[in-house]
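Have a look at the structure first, and then we'll take the packing pair by pair.

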Amino acid sequence: MRVSISAPLLVGFLVARAVANVTWTATPLNPPAVPLAVRSPYLSAWLKQGSGQALNDDWPTFWTGMIVGWAGFVRVDGVPYSFLGNPTLDNGVLKAVQKNFTYTSTQSTFVLSAGPIDVTANFLSPVEPTDLVKLSLPFSYLAVSAASTDGNMHSVQIYTDISAEWVSGDLSLTAEWSTTTLNGIITHQVQLANQTLFGEVADHTQYGSTYYSVQNPPNTVTTFQSGPDIFVRSQFTSHGRLTNGQDPNFRAINNDWPVFGFARDLGKVGPFTTENIKNSARARKHTPSTVVFSIGHVRDPLVQYITASGLQNRTGYWRTRYKSVDAAIEGFLPAYSTALSSAVATDAKISKDSLKISADYEAIVTLSVRQAMGSWELTVGPDLEIRDGNVMAFMKEISSDGNMNTVDVIFPAWPIFLYLNPALGKYLLEPLFQYQASGLYPNPWSVHDMGSNYPKALGHNDGRDEAMPVEESGNMLIMTLSYTQQSNDKTLITKYAKLLNQWTQFLISDSLIPANQLSTDDFAGTLSNQTNLAIKGTIGIKAMSIIEGLLGNTATAANYSSIAMSYAPQIVDFATGTGANGLKHFELSYGNPDSWGLTYNLMADKLLGTEVFAESLFKQQSAWYPTVAQEFGIPLDTRHTYTKSDWQIWTAATATDITTRDLFVSSVRKYIASGVNSAPFSDWYETTNAKTQGFRARPVAGGHLALLVV
C-alpha cells in the first residue's frame with residue numbers, strides 16, 4: 001500500500017529522522033557543520049554534520065566541501081583507535097565512540113571513548129579582537145588529552161597528521177615539504193612546488209605554505225614522519241611511534257597521499273582528579289596528558305591593493321611583531337594555555353550577553369563568531385608601520401562570488417565588529433575610502449567592492465562593478481556614523497567628508513523613489529521602487545546630517561535632516577499596504593499591495609538613534625511578521641519562500657515585542673538544528689524545509705549579533 005505524507009508532515013518526519021542519528025550529547029545543538037580550524041579565508045576547516053557525523057566518521061573539509069586530510073589515532077595499552085578523520089583502518093584498529101560534543105564562540109570540543117580512556121579533542125581558533133597581533137596570526141590549535149575512565153593507569157600514545165590537501169584546490173599539482181626542529185618545536189611545512197602569487201583554484205590559495213607543529217618538551221618522546229598516508233599511519237598504529245624519517249619523493253597531492261604526522265607518548269595515564277580538573281581548565285589545559293598541535297597557513301604578501309601610485313603588496317599585521325614564520329609559531333604554539341584562558345573569558349562574555357535574549361539566541365551567536373571572524377585578514381603596508389590609514393582589513397565574500405570587501409557583505413556582518421571592537425570595522429572601511437578618495441573610481445555612488453577576486457583588490461576603475469548605488473551608498477554612511485558613535489573617533493568623517501557628501505547627494509536624488517536596481521539580495525533580481533532601499537537611503541541621509549553636526553557644519557546638518565524627515569512620511573504613504581487579515585504592512589515595492597518583505601534596514605534607525613521612522617511603524621511590522629511565518633522562518637519577501645538568517649536577526653532587532661523577536665530567533669535556531677544541511681552555516685535557506693540555497697560559510701554570520709548592539 002502506498003502511503004502519502006503531506007508536505008509539512010514530511011518535513012517534520014525528515015527533520016526528526018535526521019536529528020535522531022546523533023547518538024552523542026550535543027551542546028548547545030548539533031549544527032550543519034562544526035568549525036575546527038577557522039582563522040582566514042584559506043585556513044577554514046570544518047566537520048560536516050547533516051544528520052550527524054562523529055569526529056571520526058568523516059574527513060574535515062575546506063569551507064567549499066573539499067577534503068583537507070586531518071587524521072588522529074590513540075593507542076591504549078597497545079590497542080589503536082581512530083578519533084579524527086576517516087582513514088582506511090588496518091586490521092585491529094578500532095573506532096573510538098563519540099560521547100559528546102560542545103561548541104562555543106571560539107572552541108569545538110569532542111570527547112570520544114577509546115576503551116578505558118576518554119580522548120578529548122579541543123579545536124581552538126582564537127578570537128582576540130583587541131590584540132591585533134594575536135588576532136591576525138593565521139594559526140589554530142588542536143589540543144588532545146587523555147584520561148582513564150576505569151580508575152587504572154594505561155599506556156597511551158597520541159598521533160595526528162595532515163595531508164598535502166591543505167595547500168591547493170587542484171590535487172594533481174606537485175607538493176613539496178620539509179620537517180625542521182627549532183627551539184624545541186617540530187614543524188612540518190608543505191607547499192606547492194610551483195606557486196601562483198595571488199592565485200586561487202577552487203577557492204584555495206595557490207601560494208604560501210601550510211605549517212603543522214608540535215612542541216618536543218624535555219623528558220617526553222615525540223616523533224615525526226612524512227610519507228604515504230597508509231605507511232605513516234600504519235607505523236603508528238603498529239608501533240606507537242614514528243620513524244623520524246622524511247619522504248624525499250615530492251609528488252602530486254593525490255599520488256600516494258603524502259601526510260605529515262606526529263606522535264607523542266603520554267606514558268601512563270590515569271583519571272583526572274578533582275584537583276587536576278580545577279587546575280587544568282576542565283581537563284583541557286596543557287597538562288602532561290595533553291599534546292597541543294598548531295595548524296596554520298601563511299602567505300606573504302597577503303593581498304594586492306590598488307593605490308593612486310600603483311599596486312601595493314600588503315603583508316599580515318602579525319609581521320609587525322614577528323619577523324619570520326618560525327618566530328610566529330614559537331610565539332603561538334607554547335601560548336596555548338594563555339590562549340585557552342582568554343578564549344574561555346571571551347566565550348563566557350558572548351554567552352552571557354546572548355543569554356540575555358535566550359538560549360536559542362546563544363546557540364546562533366556562538367556558531368557565528370568564528371565563521372565571521374575567519375572571513376577576513378588584517379594587513380599593513382610593506383613598510384610594516386602601524387599608523388592611521390596604513391592598517392587595512394580585507395574580507396572575502398566567501399561562497400557567493402569571491403569579491404573583496406564587498407560593501408553589502410560588510411554591512412550585514414557589521415554588528416560583530418561593533419560588538420567586539422569597532423576599530424575592526426574601521427580597518428575594513430579604510431581601503432574602500434582610500435580607493436574612492438584617490439579619484440580612480442568614476443561613479444558618483446559608492447563602489448560595490450574592492451576587487452572581483454580575492455586577494456586582488458584592484459578596484460573598478462572602469463566603473464563597471466556590480467551596481468547597487470542606493471544600497472552601497474547608504475551602507476557606507478550608516479557604517480561610518482555607527483563606527484564614529486561607538487568609538488568617538490572622528491578620523492573617518494574628517495578625512496572623507498567630501499566622499500560622504502558625494503554619496504549623500506546621490507541618495508537625495510535616488511532614495512525617495514529608487515530606480516530599477518539591485519539591493520544586497522541580488523539573487524532576487526532588480527526591482528523598482530523598493531521600499532527597503534528607500535528606507536536605507538533615507539536613514540543614510542539622516543546619518544550624514546549627524547555627521548555634519550559632529551563636524552560643526554550646522555546649516556548643512558539641518559538641511560540633510562530636513563530632507564530625510566520629509567522623505568519618511570512620503571515613503572510610508574507610497575509603501576503601506578493592508579493584508580487580507582486587515583493588518584497594515586510595508587509593501588516590497590510601491591504600489592504593489594499584495595507584496596511584503598523583511599524591512600531589515602529599519603534596524604539602522606535603531607542602531608544610530610536617528611528616529612527617522614515613527615515607533616508606530618516598528619509596531620506595525622512586528623504585528624505583521626507572525627502572520628506570514630513558515631516552518632523555519634519568515635520569507636525574505638513575497639517573490640520566494642526562501643529567507644536569510646542574517647536579515648531575520650536584523651529584523652528581530654527591530655521588533656517591538658518579545659514574541660515577534662523570539663519567533664525570528666527560534667526559527668533560525670530550528671533551521672540550524674534541523675539536521676538537513678551539512679554546509680557551514682548558510683545564511684540563505686528555504687523556510688518551508690530548511691534546505692540551504694547555495695551560500696555557505698559567509699561572513700554575514702556576523703549579523704547574527706545584531707541583537708547585541710541595539
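Predicted model: local features only at pLDDT ≥ 70, side-chain atom pairs only at ≥ 80, totals over all residues.

The angle here is about 20°, and the axes sit 9 Å apart. If you want to find the pair, helix 8 covers residues 407-420 and helix 10 covers residues 469-487. As for handedness, the two make a left-handed crossing.

So who touches whom? On the helix 8 side, the contact residues are Val 407, Asp 408, Ile 410, Phe 411, Trp 414 and Leu 418. They meet a set in helix 10 that includes Glu 471, Glu 472, Met 476, Ile 478, Met 479 and Tyr 483. Sorted by class, that contact has nine nonpolar, three polar and three charged residues.

Now move along to helix 13 (residues 531-550) and helix 14 (residues 554-575), whose axes come within 8 Å and cross at roughly 165°. That angle is over 145 degrees, so helix 13 is roughly antiparallel to helix 14. The crossing of helix 13 with helix 14 is left-handed.

For the contact itself, helix 13 brings residues including Ala 534, Ile 535, Ile 541, Lys 542, Met 544 and Glu 548. Across from them in helix 14 you'll find, among others, Tyr 560, Ile 563, Ala 564, Tyr 567, Ala 568 and Ile 571. By class, the tally for helix 13 with helix 14 is twelve nonpolar, six polar and two charged residues.

Technical notes:
Residues numbered from 1 in each chain as written. Heavy atoms only, no water. Axes fitted to C-alpha atoms, helices over the stretch in contact; angles between N-to-C directions. Helix = DSSP H or I, 4+ residues; strand = E, 2+ residues; numbered from the N terminus. Left-handed = near helix turned anticlockwise from the far one by under 90°. Contact = heavy atoms within 4.5 Å. Nonpolar A, V, L, I, M, F, W, Y, C, P; charged D, E, K, R; others polar. Parallel < 35°, antiparallel > 145°, perpendicular 65-115°, else oblique.
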